[in-house]
Amino acid sequence: MRKWLAPMLYHVQQNEPEAEPPVNIEPFVLTSPAKGDAYDFSVTLLRTATSAGKRARALLNDEVPEAEAVLQRACQEVRPITRRFEITEAGAAEQAANEKLRSISGSMTGVYRWTVRAEVNVPEEIRQLNRDAHRKQHDIRSDAAAALLQIKSTDEVRQKWQEFLAAVEGSARVVHAIQLAVAPEQLPQIIAELVEQRQQGAQELLGTVDRIMQSYQAVDMLNFVVSNESVLRSTLELLGLPVPPLEDDSLLVGGV
């Protein structure tokens, strides 16, 4: 019995059909409503048929068994899923649709094992609206970033100027120092200006001293002091205030 069964099993194994390569069916595009029924998603169904152990070759859609039935089943599963999502949520709708299609792939087996994948896209009108919204958001973010950068840069410049002005405050040579920092070639001219300013300052000082000496010569300082002390003492007496006694050796009011 074993001698007869062994060759028979060997013959069956040798004649077992080889696995067929996967067959990719031409993509099918359908429209599927979004939430609210105002817009439709564009859904592309990609079907792949893998041999289930039987020899079967086909390249065209109508030559592959069960292709139409699988397509109809996929369409029925996708429509109620896309209705749960807003037209702007194509990514979430695609993920949910593919999860559903993977869950039913085991039930779509006959001559072939089927794998169906969905690609969900928005209509061009919505795509343009998304572009416009993205552009506006980008402009807002760019303007805000530029404004913050300007504020930061302005504040840094303000602090530097404040530190600079605090450092040069009270310096008599600050103007000339700034001129030399900006244009060092003006050094000879600045030196000449400093010499001229010093000469003018000396002349003004001499003029002031001369005017003071002339005023001293024009006024009898001794009479001026005596008169002022006499007036002060008389004022105190009129006000009823105590008048300090005269010094015995006072030279200022001796004759008054």
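## Exercises on a predicted model

The protein's accessible surface is about 19,300 Å², and carbon and sulfur atoms account for 58% of that (areas use the Shrake-Rupley method with a 1.4 Å probe; for residues, only the protein chains shown count as cover). This is a predicted model, where local features need pLDDT of at least 70 and side-chain atom pairs count only at pLDDT 80 or more, while totals for chains, interfaces and linings use all residues. Residues are numbered from 1 along each chain as its sequence is written, and side-chain values use heavy atoms, leaving out hydrogens and water.

**Exercise 1. Work out how many helices and strands there are, and in what order they come.**

Step 1: Count the elements, taking DSSP runs numbered from the N terminus (helices are H or I, at least four residues; strands are E, at least two). You get seven helices and four strands.

Step 2: Now read along the sequence. The pattern is α-β-β-β-α-α-β-α-α-α-α.

**Exercise 2. Find out how β2 and β3 go together.**

Step 1: Look at the pairing (DSSP must find at least two bridges between two strands). Strand β2, residues 28-33, runs antiparallel to β3, and six bridges join them.

Step 2: Check the turn. The two strands make a hairpin with six residues between them, and G36 in the turn has a positive phi of about 90 degrees.

**Exercise 3. Track down the partner of the D37 side chain.**

Step 1: Go looking for R83. D37 and R83 are 46 residues apart in sequence, yet 7.6 Å apart in space, C-alpha to C-alpha.

Step 2: Join the side chains: D37 and R83 make a polar contact at 2.6 Å (N or O atoms within 3.5 Å; within protein, one able to donate a hydrogen and the other to accept it, with residues adjacent in sequence counting only if both atoms are side-chain atoms).

**Exercise 4. Name the residues that touch the most other members of the largest nonpolar core.**

Step 1: Set the rule: buried Ala, Val, Leu, Ile, Met, Phe, Trp, Tyr and Cys residues joined through side-chain atoms within 4.5 Å.

Step 2: Among the 31 core residues, the answer is F41, V43, L45, L101, W114 and V116.

Step 3: See who contributes. β3, α2, α3 and β4 each supply at least two residues, and α2 gives the most, with seven.

How values were computed: Buried < 20%, exposed > 50% of the residue type's maximum accessible area, 1.4 Å probe, protein only.
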